[in-house]
Amino acid sequence: MRKSRNLEKRRHGLQMVTLCISTTMVLTLLGLVMLSVLTAHNLQKNLRENVEISVILGDTIAKEDGVTLGKMIQKKPYAHQVAFISSEEALKMAKEEMGIDPTEFTGSNPFSPELTVTMEAEYANTDSLSVIVKRLLKDRRVVDVAYTKDEIDGMNRILEPVSIALLGLSVLLIFICYTLISNSIQLSIYSRRFLIHTMKLVGASWGFIRRPFLKQAVVVGVISALLTCSLLGGIIYMLMPFMPHVEEIMTWRELAITAAAVFVFGFVITVFCTLLSVNKFLRMTAGELYKI
């Protein structure tokens with residue numbers, strides 16, 4: 001009798017380990033997808049925030065007026081960063097880039113003072129920029145506004161399908177993760193279906209029968225989530241040397257959201273699937289248990 005109990009405990013422990021491993025592998029896949037989506041979102045935001053427009057000012061505009069206009073633009077919701085470049089600074093930059101002095105050909109400084117405005121990500125599209133340009137041109141200090149329309153259109157044409165594809169892939173993988181975890185839990189409970197039926201025969205309530213299975217699901221969910229977070233942390237640590245500047249698009253915020261999502265999915269899916277599986281066997285008669 002004692003030997004039989006020890007054998008049963010060992011078998012149950014082995015099932016727990018197997019369930020934890022399979023759940024950890026699925027949650028790791030889910031965590032990688034979640035991290036990839038969040039990182040891709042930040043990468044797209046960084047690319048859009050590199051979009052710049054050049055606000056060309058009149059030659060007679062004093063530096064103080066240009067700086068004042070820059071501060072006014074900086075307060076606008078579309079401006080991420082504004083920098084004033086005087087005509088002298090523009091000439092110096094041109095000399096460094098071209099290696100020649102443009103004044104030798106023109107006889108005077110050909111550059112006008114300008115403001116370089118870096119856009120917020122949500123305004124980095126040609127529709128928003130056309131409205132912003134019209135508003136800026138109404139200021140008497142502004143003579144022209146320049147930006148690379150074709151490059152911005154091309155960037156958005158690439159990024160928008162990528163965002164939709166990542167969203168679709170995330171939904172598909174979440175469904176796959178749920179299916180895999182559900183199947184693993186069903187197999188685990190299937191091996192104890194006769195134990196469930198025996199407890200029903202001795203008069204145990206459904207809530208009493210469910211309780212140990214739900215406790216086991218919580219333990220499996222928490223342990224699997226902890227193992228997944230450790231595994232993801234190890235993967236990221238090993239890949240850090242091969243991904244320069246990755247900290248700009250993968251911050252502690254993304255890591256914390258991914259870890260929270262792993263814990264929530266690990267807990268909710270294991271408990272929900274366990275509840276469904278146990279209820280399924282509770283509703284079956286003895287004859288039906290032999291047929292499945």
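Helices here are DSSP runs of H or I with at least four residues, strands are E runs of at least two, and both are numbered from the N terminus. Leu180, for instance, lies in helix 6. You're looking at a predicted model, where local features need pLDDT of at least 70, side-chain atom pairs count only at pLDDT 80 or more, and totals for chains, interfaces and linings use all residues. Residues are numbered from 1 along each chain as its sequence is written, and side-chain values use heavy atoms, with hydrogens and water left out.

- Val26 sits 154 residues away from Leu180 along the chain, yet their C-alpha atoms are separated by 7.3 Å.
- Arg48 belongs to helix 1, which covers residues 2-48.
- With a relative accessible area of 16%, Arg48 is buried.
- Setting aside neighbours within four places in sequence, Arg48 is in contact (heavy atoms within 4.5 Å) with Met119, Ala121, Ala124, Met155, Asn156, Leu159 and Glu160.

**How strand 1 pairs up**

- Strand 1 (residues 52-57) runs antiparallel to strand 3 (residues 114-119), and 5 bridges join them (strands pair if DSSP finds at least two bridges between them).
- Look for Val55 here: Leu115 in strand 3 stands opposite.
- Strand 1 also pairs with strand 4 (residues 142-146), again in the antiparallel sense, over 4 bridges.
- Ser54 has Ala146 in strand 4 as its bridge partner.

**Helix 7 and its buried side**

- Helix 7 spans residues 193-201, and its buried residues are Arg193, Ile196, His197 and Met199.
- They are on the same side of helix 7, because they cover an arc of only 160° around the axis (taken from the directions from the helix axis to the C-beta atoms).
- Those buried residues pack against helix 6 (149-190), helix 8, helix 9 and helix 10 (286-291).
- Just past the end of helix 7, Gly203 has a positive phi of about 95°.

- Helix 8 (206-239) and helix 9 (252-282) each supply at least two of the patch residues.
- Helix 9 gives the largest share, 6 residues.
- Phe267 is in helix 9, and at 40% relative accessibility Phe267 counts as partly exposed.

**Salt bridges**

- The count comes to 3 salt bridges (a side-chain nitrogen of Lys or Arg within 4 Å of a carboxyl oxygen of Asp or Glu).
- Asp139 and Arg141 form one of them, with their closest N and O atoms 3.0 Å apart; Asp139 is buried at 17%, and Arg141 is buried at 14%.
- Lys149 and Asp153 meet at 3.2 Å, N to O, and they are separated by about one helical turn because they're 4 residues apart in helix 6.
- Arg253 bridges to Glu254, with the closest N and O atoms 2.9 Å apart; Arg253 is exposed at 54%, whereas Glu254 is buried at 2%.

Conventions
Buried < 20%, exposed > 50% of the residue type's maximum accessible area, 1.4 Å probe, protein only.
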